[in-house]
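The following paragraphs are intended to be read alongside the sequence and the coordinates. They proceed from a local feature to the overall fold, and then to an annotated segment and a helix.

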Amino acid sequence: LGYQKVLEENRKLYNQVQDLKGNIRVYCRVRPFLNGQQNNMTSVDHVDHGSITIVTPSKYGKEGKKSFTFNRAFGSTATQAEVFADTQPLIRSVLDGYNVCIFAYGQTGSGKTYTMTGPKELTEEELGVNYRALGDLFFLQQQRKETISYEISVQMLEIYNEQVRDLLSSEGLNKRYPLHVYLYQNCLYLHSSQNGINVPDANLVRVTSTADVINLMNLGHKNRAVSATAMNDRSSRSHSCLTVHVQGKELTSGNILRGSMHLVDLAGSERVDKSEVTGDRLKEAQHINKSLAALGDVISSLASKNAHVPYRNSKLTQLLQDSLGGQAKTLMFVHIAPEYEALVETISTLKFAERVATIELGAAKVNK
Ligand code: ADP
């Protein structure tokens, strides 16, 4: 009976996964007001299952309201578990050999890191998508162990000013995790073309439990913080990418399948007024604009089925090349802040999100 149930569950999941294929899905999430600011003016009129309506100054619409439609919308009271529940089928498909890409997009402070990782002081309820995703993969790994033997490993990278940095530097790893984490120095060799990772020296670390993942992510966050100057919160101006590689061996046939998942916390999407910044800050802003624009260009050229997809235009799109387009599945979590003062950014974010949501990647030809 138990087996029947598993089969049925798998079939249900398979159907859900088929639904997800070939599209970019867009989920939109509204951050709650922080620290007792509930009485402040908000730009969010209401949120339902698949749309968000915002209050706008009259120039944006007759009624002073405008609705935006997505695959799924989450209001400010949605829990981490609810958000994850709608992401789960996609994540599970990694174990069936799919390449998956999940982005968090939005202006700084809109809740990207909260969705992907969680708040600074983590509680179990508030664990973000990253931890839950890996927890789920471990769970299924156990469940399927009679038929498939899976190896799961992770990489953690940062892209800052068009430079890619390994956040799991081996120096820190060797000191901290000598025994229970296996370190593969030569990840490119291990997973070469299948996963398209263009950072040959980046460490790929095999993980077997959520505890491993928490340890590694703490190390990654520490490495990331080290390079931030006191005044500059670098995390909002760099992209961070947790990549999960899965290799499964079917025990009867010996067939190997590979899947991968990129979980990307993008740099803040806010437009920086060029007249107000100079020096490093201007350089950062230009790099962010360039890479977010490159991401948009890749997505639209996949959508219009162009033969040439401009992956090479930024480090971000190069890194994600094999997980965008073709049979890959992409989910964009778009975040907005509820404050009325954020309205201009909110509208620009929602417009971007709606444009992405209408894109079909189905028959797109991937030009490698
Ligand atoms: P971003 O990564 O977009 O810059 P953060 O994730 O750091 O934004 O969110 C800004 C602040 O709001 C943080 O203190 C975070 O914990 C809090 N926050 C964001 N989203 C939520 C949420 N859904 N529920 C509770 N707190 C949230």
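Glu 162 counts as partly exposed because 14 C-beta neighbours lie inside 10 Å, a value between the limits of 12 or fewer for exposed and 20 or more for buried. This residue of the predicted model is placed in the loop between β7 and β8. Although Glu 162 is not a glycine, its phi is positive, at about 65°. Asn 161 is found in the loop between β7 (148–160) and β8 (163–166), and its phi is near 50°, again a positive value in a residue other than glycine. Asn 161 has 15 C-beta neighbours inside 10 Å and therefore counts as partly exposed.

The wider setting of this loop may now be considered. The protein contains eleven helices and 13 strands. It has 368 residues, of which 40% count as buried. Among contacts with a separation of 6 or more, 70% are accounted for by residues 24 or more positions apart.

Attention may next turn to an annotated segment. In an unreviewed UniProt entry, the annotation "binding site" covers Gly 106, Gln 107, Thr 108, Gly 109, Ser 110, Gly 111, Lys 112 and Thr 113. Within this annotation, Gln 107 lies in the loop between β6 and α4 (112–116), and Gly 109 is likewise placed in the loop between β6 and α4. Is Gln 107 buried or exposed? Gln 107 counts as buried, because it has 21 C-beta neighbours inside 10 Å. Gly 109 has 18 other C-beta atoms within 10 Å and is therefore partly exposed. When residues up to four places away in sequence are not counted, Gln 107 touches Gly 268, Ser 269, Glu 270, Ala 337, Ala 342, Glu 345 and Thr 349.

Helix α11 comprises 15 residues, 343–357, and spans 20 Å from its first C-alpha to its last, close to the expected 21 Å.

Technical notes. Residues are numbered from 1 along each chain as its sequence is written. This is a predicted model: local features need pLDDT of at least 70, side-chain atom pairs count only at pLDDT 80 or more; totals for chains, interfaces and linings use all residues. Helices (H or I, at least four residues) and strands (E, at least two) are DSSP runs, numbered from the N terminus. The expected span of a helix is 1.5 Å times one less than its number of residues. Two residues are in contact if their C-beta atoms, placed from the backbone, lie within 7 Å. UniProt positions are given in the numbering used here, feature names are shortened, and annotations may be inferred rather than shown by experiment.
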